[in-house]
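View the model first, then read on.

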Amino acid sequence: HPSMFLRPSSSSSRSVVPRVVRAFSSSSSSSSKPIIVPRIKLNNGTDIPILGLGTWKATSPDIIHDAVRSAVQAGYRHIDTAHVYGNEAVIGDAIDKKHTGIQREDLYLVTKLWNTEHRPERVRAACENSLRNLKTSYLDLYLIHWPVCFVPKQEENGSTILYPTDPTTGEALKEDIPLHATWKAMEKLVSDGLVKSIGVSNFNCDMINQISYSCEIMPAVNQIEVHPFLTNDSLIACCRRHNIRITAYSPLGHPGLRPDDPVLIKNDTVLDIARKHNKSPAQLLLRWSIARGLIAIPKSSSPARIRDNIDIFDFSLSGDDVARLTALDRNHHSVRPNWANNIW
């Protein structure tokens, strides 16, 4: 996931589950009315909102509180974070009922196990730390963030170094922990009641298959980069064979993440189709994700953009629209840390 830039610098059911919860309503302006976000079933029978708020790079307490408050008022219930983002505790404060008016059971909280915590004996403690940060007794979804294992090293203050490196080469300090061993520890979190659903992130098809051979609980979700410049068709097809849902991160592309990254929201085809529907490029791209049966987690800290990003359920794309956008694929990974080059 985009977390690496924190360092200095068969097919599954697509039916929509009607259970939704309204956020704050207001009669002062039609634009302040909450949007109802449909939910879809995961392979364990639970359901997940098909649109969520991504929170990567959101670390300022004031910005996070404003973003979460704006998101809840707009209708979001799905909040996605990760240990490595460094914002779990602030999000835990921001989602408190006294700020949102929303009960915990009406929220859908997702966070992730970081690369330093793959040893089976470290998984539960990592999850419990996230629970304390988020001020909740359970997670709706807990993901293995990357299929990469870092050697756990301690700072002088006792905290774990997020990106341990070899002092000689400067390269990431890795160790070999079998994925199935970490996954068994993840399964225990479900049986112990700490987590409702478990999944993975940034796993390729071989890794999905490896877990499927020995797991008792199949991953519910694989969270990966997906947008028209990276349609990820073969990996999505692989996951669907295992009845695994896809969450698309960076669904709007990731302009500015790297100097060579193309700007998806300024693409001529995107702009042309957006004009046809009288929608913004971002709204169009999110609707493309939904049309493909994906869950999308756009990130924004702007209340206006947060509202715009959820306002996508009053129009639909034609087959030709979807095909034109999908044809933009150039297999372009914006998120490609040098310590994970062997994944893609």
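A crossing of two helices is right-handed if the near helix is turned clockwise from the far one by less than a right angle, and left-handed if anticlockwise. The model is predicted. Within it, the crossing of α4 and α5 is right-handed. α5 also passes α6 in a right-handed crossing.

| Helix pair | Axis angle | Axis distance |
|---|---|---|
| α4 (residues 120-134) and α5 (residues 179-191) | roughly 40° | within 8 Å |
| α5 and α6 (residues 205-214) | about 60° | 9 Å |

The axes of α4 and α5 cross at roughly 40°. That makes α4 oblique to α5. On the α4 side, P120, V123, R124 and C127 make the contact; on α5, the partners are A181, T182, A185, M186 and L189. By class, this contact has 7 nonpolar, 1 polar and 1 charged residues.

α5 and α6 pack at about 60°, and are therefore oblique to each other. Here α5 contributes L179, H180, W183 and K184, which meet M207, Q210, I211 and S214 of α6. The residues of this contact divide into 4 nonpolar, 3 polar and 1 charged.

How much space lies in the second largest pocket? About 220 Å³. Its lining has 13 residues, and N232, S234, L235, N331 and H333 are the closest to its centre. Helix α7 (residues 233-241) gives the most to this lining, with 3 residues. By class, the lining has 5 nonpolar, 6 polar and 2 charged residues.

Technical notes:
Residues are numbered from 1 along each chain as its sequence is written. This is a predicted model: local features need pLDDT of at least 70, side-chain atom pairs count only at pLDDT 80 or more; totals for chains, interfaces and linings use all residues. Side-chain values use heavy atoms; hydrogens and water are left out. Axes are lines fitted to C-alpha atoms, for helices over the stretch in contact, and angles run from 0 to 180 degrees between N-to-C directions. Helices (H or I, at least four residues) and strands (E, at least two) are DSSP runs, numbered from the N terminus. Angles under 35 degrees count as roughly parallel, over 145 as roughly antiparallel, 65 to 115 as roughly perpendicular and the rest as oblique. Contact means heavy atoms within 4.5 Å. Ala, Val, Leu, Ile, Met, Phe, Trp, Tyr, Cys and Pro count as nonpolar, Asp, Glu, Lys and Arg as charged, and the others, Gly among them, as polar. On a 1 Å grid over the protein atoms alone, a cavity is a set of points where a 1.4 Å probe fits but cannot get out, and a pocket is an open set with protein on both sides within 12 Å along at least five of seven lines; lining residues have an atom within 4 Å of a point. Grid points are joined across faces, edges and corners, and a volume is the space filled by probe spheres set on the points.
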